[in-house]
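Q: Please take a close look at the aromatic pairs in this model. Which rings pair, and how are they placed?

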Amino acid sequence: MFTTLVNAFKDKGIRKKIFITLGLLFIFRLGCWLPIPGITTETFRASIKSQDFLSLLNGIGGGALANGTFFALGVTPYINASIILQLLTFAIPKLQRLSQMGEEGRKKIAKYTKYAALFLAIAQAVGICVGFSSSIELSLFGTTLPTWLACTFVAICLIAGAMLTYWLGEKITEIGVANGLSILIFVGILSTAGTAILASFKDVFAGNIDGLWNILLFFGAAIVIFGLIVFMDLAERKVQVQYAKQIKGRKMYGGQSNFIPIRLMGTGVLPIIFAMSFLSLPQLIMSMFWPTSKAATWYAMNLGAGTWPYTLVMGILILLFAFFTSQMMFNPEDVAKQIQSNGGFILGIRPGKPTADYLKRINNRITLFGAIFLAFIAIVPTLIFTFVGGSSSLINAFSATGMLIVVSVALEFNKQLEAQILTTNYKGFLK
């Protein structure tokens, strides 16, 4: 990766894109540190930390939510809107037809996703203001405004910040390097982890020498888990495809072999996000609107984060969502049709339905191993980090979801740079 970065900075066009990306990321981080007037930060931060789902969103946003900043919602509304639109694509025939219309259809789906993100940003901003209205108090010209007016002002700031964050991500994608929204999440997680690391070392320098060994053991375990994630993320099954020779006019085509890469981690981090959202959303809603009800207390004690039923249900949901998202991303029937239409075949397998069944069987097996690994990563690392030692801020910063996102985005960023360097070299050769 370091060699790729050095080669990228040698090219003037790519170097300009990298500087543009860094400038937009600076604006994003600036918005993550500017607090919204009217929010009592200490009370707001304590309320956020008491909610596991909101703590996860705070970690992804680089601590912006706990500090009550303009970019507190971050890219969360757009991520949720994208997931909902992907699910609806399989349920609504009109969206399914749009997804098959090429570039024009993708533009319309992106437009619908933007509207859905705005709606979710409004809903989340209103929910936060209603749930944490006691932490909101705005004074203007020496007079304290009514609670409803202060909450309206804060909600407008949150909504505007969420849409501006989405715009920054789009601009990074258009004129910068790699996928903008993924880069924003990547920077947010690294910021949270960096803040937690500095806080831990401050405790050590303050005289807590015994905590130094715990920190070293913690980072040793983190490095091992990072290496395991990288190894599994790059793992793939290559299905060899042989193409028959075809004579068209005076030329002969085909007669070559290729392969279909089926990734072990093809579903990415989506199953974990789905499972955590499914389990945490009821608790989040009850804590906002009915915090002292019997249902909220029962749910926190029996299905809250850290309980064994939560861990068990979490693992089962990850397995189920892994198979669901795998069916969304890899369609064996379509792949089999494309192979047959191009005159290809898998050795020992008949074209058509037998090929589709063969690919489906391979995909199910690989998805099973990938789902088991995701469940392992979602549950075991937290237990390991707690056992070897480490502050709660470190454990939250190095969560399973965060580590998977960081590794995936870093590898994708490296691939994008390599592709742009290769394209530039080809252009120079053609000139």
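A: **Aromatic pairs and their setting**

The protein has 17 helices and seven strands. Both are DSSP runs numbered from the N terminus: helices are H or I with at least four residues, strands are E with at least two. This is a predicted model, in which local features need pLDDT of at least 70, side-chain atom pairs count only at pLDDT 80 or more, and totals for chains, interfaces and linings use all residues. Residues are numbered from 1 along each chain as its sequence is written, and side-chain values use heavy atoms, with hydrogens and water left out.

Confidence comes next. pLDDT is the predictor's confidence in each residue, from 0 to 100. The protein averages 77, and 81% of the residues score at least 70. Among the elements, helix α8 (residues 147–175) has the highest mean pLDDT, 88. Helix α16 (residues 392–397) has the lowest, 58. Where pLDDT is low, the predicted coordinates should not be read in detail.

Now the rings. Rings of Phe, Tyr and Trp (its six-membered ring) pair if their centres lie within 6.5 Å; planes under 30 degrees apart count as stacked, over 60 as edge-to-face and the rest as tilted. The count comes to two aromatic pairs. One is stacked, because the planes of Phe-28 and Phe-71 stand at 20°, with ring centres 6.1 Å apart. This pair links distant parts of the chain, 43 residues apart. Phe-28 is in helix α2 (residues 12–31), and Phe-71 is in the loop between α4 (52–60) and α5 (76–91).

Burial uses relative accessible area: buried means under 20%, exposed over 50%, partly exposed in between (1.4 Å probe, protein chains only). Phe-28 is buried at 3%. Phe-71 is buried too, at 5%.

Tyr-78 and Tyr-166 form a tilted pair, 4.8 Å centre to centre with 35° between the planes. Tyr-78 lies in helix α5 and Tyr-166 in helix α8, so the pair ties together parts 88 residues apart in sequence. Tyr-78 is partly exposed, with a relative accessible area of 21%. Tyr-166 is buried, at 8%.

For the protein as a whole, 43% of the 431 residues count as buried. Contact means heavy atoms within 4.5 Å. Of the contacts with a separation of 6 or more, 72% are between residues 24 or more positions apart.
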